Amino acid sequence: MISKRLVDAINDQIKAEFESASLYLSMAIWSARNSFFGAENFFIKQAEEEKEHAMKFVKYLLEVDAQPIMPELSKPDSDFSSLQDVFKRGLEHEKLVTSRINDLVKLSDEDEDYATNDFLQWYVTEQVEEEKSFRDIVRRLEIVKESAAGILRIDDNLAQR
Ligand code: OFO
């Protein structure tokens with residue numbers, strides 16, 4: 001049986017995943033308002049994925065006969081200074097999510113909860129991809145620096161996500 005502390009921690013993570021969705025929607029809005037339409041598309045898709053991550057946790061708690069809690073969300077950041085700033089903050093955010101997932105894995109280890117541990121492995125793998133996806137874009141933006149043509153080319157590529 002899943003422990004109360006693990007259910008509480010997963011509920012905190014459900015909140016964090018919905019807050020990730022909300023942060024990425026805020027980044028999509030900033031991108032659209034600044035005519036980075038590729039980035040707008042990238043962040044809308046990213047926000048959808050985060051909702052799926054949250055829902056996977058909700059469904060898991062239901063499967064193990066525990067109570068998911070619909071969270072109250074905090075307001076996301078919306079004051080970005082550049083496309084570089086947006087993606088750097090996205091990368092930092094994903095690193096934070098990775099450490100949260102690792103903490104959940106640790107808890108499930110301590111509880112000897114093998115089912116939850118197995119369930120969490122999907123997120124462990126997903127976080128490697130999530131960090132890579134942001135890191136690659138941050139690095140490309142660092143290469144082009146302030147070049148408008150370079151930034152717009154990267155933005156065009158983001159439309160294909
Ligand atoms: Fe972007 O990560 Fe969810 O889990």
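**Pocket and helices of a predicted model**

Modeller: In this predicted model, the largest pocket holds about 290 Å³ of space.

Biologist: What lines the largest pocket, and which residues lie nearest its centre?

Modeller: The lining has 17 residues, and those nearest the centre are Glu19, Ser20, Leu23, His93 and Leu96. Two elements, α1 (4-33) and α3 (83-110), each give two or more residues to this lining, and the largest share, 7 residues, comes from α1.

Biologist: How many residues of each class does the lining of the largest pocket have?

Modeller: There are 5 nonpolar, 4 polar and 8 charged residues in the lining, where Asp, Glu, Lys and Arg are the ones that count as charged.

Biologist: How do you know what span to expect for helix α4, and what is the distance between its end C-alpha atoms?

Modeller: The expected span is 1.5 Å times one less than the number of residues, so the 31 residues of α4 (residues 114-144) should span 45 Å, and because the end C-alpha atoms are 46 Å apart, the two values agree.

Biologist: What makes up the secondary structure of the protein chain?

Modeller: It comes to 5 helices and 0 strands, and from the N terminus on the order is α-α-α-α-α.

Biologist: What percentage of the 161 residues of the protein chain count as buried?

Modeller: With buried meaning under 20% relative accessible area, 46% of the 161 residues qualify. Among contacts between residues at least 6 apart in sequence, 80% join residues at least 24 apart.

Key
Residues numbered from 1 in each chain as written. Predicted model: local features only at pLDDT ≥ 70, side-chain atom pairs only at ≥ 80, totals over all residues. Heavy atoms only, no water. 1 Å grid on protein atoms, 1.4 Å probe; cavity = no way out; pocket = protein on both sides within 12 Å on 5 of 7 lines; lining within 4 Å. Points joined across faces, edges and corners; volume = space filled by probe spheres on them. Helix = DSSP H or I, 4+ residues; strand = E, 2+ residues; numbered from the N terminus. Buried < 20%, exposed > 50% of the residue type's maximum accessible area, 1.4 Å probe, protein only. Contact = heavy atoms within 4.5 Å.
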